[in-house]
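User: I have a model open and want to go through its side-chain contacts. Can you take my questions one at a time?
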Amino acid sequence: MLFVLWALGSVLVILIWCRRWRQVSANFRKAELLKEGREVEILRRLEDKVKQNNSIPIVRTRSLMEPGVFGISCPVMLWPEGLSERLTDDQIQRSWRMNSRMYGVATTLQALMHMLVEAVFWFHPMVWWIESRIIEEREHACDEAAVLQVGNSDVYAESLLTACRFCLESRLTCVPGSSEVI
């Protein structure tokens, strides 16, 4: 009986994650690939500045969601329509700098590993506490690295607040983004 209860809990956790992943995937499929424009120019300048060889594609989604990187093998920057109009070029660059540092392949794989641990040990409160601590520490480390790299914490903080205000209504947990700890 105990095994059946554990298995049902594990299946429920996996189904919840799958549902959320499908939501993000649906947003991604409906999104428009940006090949030119302000956002593309800013990201390419940033990639040149940090000498990043592979370009991250940008897709604009009509869904109200926070900006973030989606995907493991071919990461893509999801950018909500209308957000760019609220941010300066400098704020967009700082927001992308944080997202690209924070949500690379290694971070996404780490999140997937922890999701597996959650599915197996869903019944243990420490697993859920550890998840919240991992997210919080990852946010702090990336914020600190972004501020050290750009040197201006005010512009960086302002860009995060603007993005969070714009996207606060939508919290898709499969796409790590700037409002995770708010």
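Predicted model: local features only at pLDDT ≥ 70, side-chain atom pairs only at ≥ 80, totals over all residues.

User: How many aromatic pairs does the structure hold?
Analyst: Three. In one of them, F3 with W6, the ring centres are 5.6 Å apart and the planes are at 35 degrees, so the pair is tilted. Rings of Phe, Tyr and Trp (its six-membered ring) pair if their centres lie within 6.5 Å; planes under 30 degrees apart are stacked, over 60 edge-to-face, the rest tilted.

User: How far apart are F3 and W6 in helix α1?
Analyst: Three residues, or about one helical turn, in α1 (residues 2-30). Helices (H or I, at least four residues) and strands (E, at least two) are DSSP runs numbered from the N terminus. F3 is exposed, with 60% relative accessible area.

User: What about F121 and F123, what kind of pair do they form?
Analyst: An edge-to-face one, with 6.3 Å between centres and 65 degrees between planes. F121, W122 and F123 make up one aromatic cluster. F121 lies in the loop between α4 (105-120) and α5 (125-150). F121 is partly exposed at 42%, and F123 is partly exposed at 46%.

User: Switching to charges. How many salt bridges are there?
Analyst: Four in the whole structure. The criterion is a side-chain nitrogen of Lys or Arg within 4 Å of a carboxyl oxygen of Asp or Glu.

User: Which residue does E32 bridge to?
Analyst: R60, with the closest N and O atoms 3.3 Å apart. E32 is in strand β1 (residues 32-34) and R60 in strand β2 (residues 58-61), so the bridge ties together parts 28 residues apart in sequence.

User: And where do D89 and R38 lie?
Analyst: D89 and R38 meet in a salt bridge at 2.5 Å, N to O. D89 is in helix α3 (residues 89-102) and R38 in helix α2 (residues 38-49), so this pair ties together parts 51 residues apart in sequence.

User: Which residues are linked in a network of salt bridges?
Analyst: R133, E136 and E137. Between R133 and E136, the closest N and O atoms are 3.5 Å apart.

Definitions and conventions:
Residues numbered from 1 in each chain as written. Heavy atoms only, no water. Buried < 20%, exposed > 50% of the residue type's maximum accessible area, 1.4 Å probe, protein only.
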